[in-house]
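Let's take a friendly walk through this fold. Have the sequence and the 3D view ready as you read.

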Amino acid sequence: MFYFLDENFYIWRCDNKIVSMANYRVIDDQAKISHVYTPEDERRKGYIAWQNHAFSLGYTAVAEAAAIENELTHVCSSYSELVDAGIWKLRTYAAYMVQPSRSNWKKQISHIKECKRRFDSEYFNIYGVKLFEDGVVEAHTAWMLDDYDDRPGNKGKPIITNKDQLIKVISRINRNDLPVHVHSIGDAATKFVVDAIEQSQKKTGIKNARNTIAHLEIVDKKDFARIGKNHIIACVAPLWCPSVGQYIKTEIGFIGKERSKRLFPVKSFINAKALTVFHSDYPSSPSAAIPETIFRAVTRYGSSYGPSSI
């Protein structure tokens, strides 16, 4: 079984097929994804396979990172049906996407609130709203303060470019009693998001909304204290931070040795008194093993994914 979740689509492997949830169709390994509907029974099979896998790793609760607006009701309905049938026992806390650049972003927030009202239960809960500020280092789409080493003149780019708009969106989300969960990889992206959350707090007076910034691969030194001061949860991926092996060699190729020394700075967040949590981002990480996550956070060493490397 294989379960995949990213900013564009969910995929799970079920009965030797790949099923695209957001784009609603069964595809093979080489096919391009298009927008067609995935039957509800296929969706439920994938959820159950994922639940069994999560239980096998020792998880009793997980966070689901994103679902786009046109799939939100389908996703929530599937969870709700499994909960009502007594099948779903993996406590799932979901953050669903809003796209601030779209004219209907307020409607998107209202849709999430309505789904929360309809579908929240003991085992499924919509806890927040997902935003994306940049991409990833390996695609040169993470937004950096300095140029990529292998592409002079290229700093990546932001997804949300208007800070006033981002402040407005965060403020509205927090006033609806929801936190934001923001994907931010590069140091420029994180600085931009921290600025926006800081200004939003001044605007709304809401100081502890449990807003979260996820990934935080490269962070400007000035921003650790700001993250702690503004009660922002630092959600970091220790599985991605080994200082040896192919991963670090790959990152050095993109951003150089100096920046690669400070990837995913877990201890710096702790020292800054920021509330620091770990995530696996599975299966972007091939493992979600809890012992492996802790081992890598402490040692920054790992020869392979999974508990066998400990």
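In this predicted model, seven strands line up as an open sheet, and the pairing is parallel. Reading across, the order is β5-β6-β7-β8-β9-β10-β11. Strands β5 (61-64) and β11 (276-278) sit at the edges, each pairing on one side only.

Let's zoom in on one pair. Strand β6 (residues 91-97) and strand β7 (residues 124-132) run parallel and are joined by six bridges. If you look for Ala 95, you'll find it opposite Gly 128 in β7.

Now for the helices that go with the sheet. Helix α4 lies across β7 and β8 (180-184), while helix α5 packs on the sheet and touches β8 and β9 (212-215). Here's how their directions work out:

| Helix | Residues | Angle to a strand |
|---|---|---|
| α4 | 163-175 | about 170° to β7 |
| α5 | 187-204 | about 170° to β9 |

Last stop: the surface. Which residues form a nonpolar patch there? They are Ile 290, Ile 294 and Val 298, and together they have about 280 Å² of accessible area. One of them, Ile 294, is found in helix α9 (residues 290-299).

Notes
Residues are numbered from 1 along each chain as its sequence is written. This is a predicted model: local features need pLDDT of at least 70, side-chain atom pairs count only at pLDDT 80 or more; totals for chains, interfaces and linings use all residues. Side-chain values use heavy atoms; hydrogens and water are left out. Patches are made of residues with over 30% relative accessible area and no salt bridge: like charges are joined within 9 Å, nonpolar side chains (Val, Leu, Ile, Met, Phe, Trp, Tyr) within 5 Å. Accessible areas come from the Shrake-Rupley method with a 1.4 Å probe; for residues, only the protein chains shown count as cover. A salt bridge is a side-chain nitrogen of Lys or Arg within 4 Å of a carboxyl oxygen of Asp or Glu. Helices (H or I, at least four residues) and strands (E, at least two) are DSSP runs, numbered from the N terminus. Two strands pair if DSSP finds at least two bridges between them. Contact means heavy atoms within 4.5 Å. Axes are lines fitted to C-alpha atoms, for helices over the stretch in contact, and angles run from 0 to 180 degrees between N-to-C directions.
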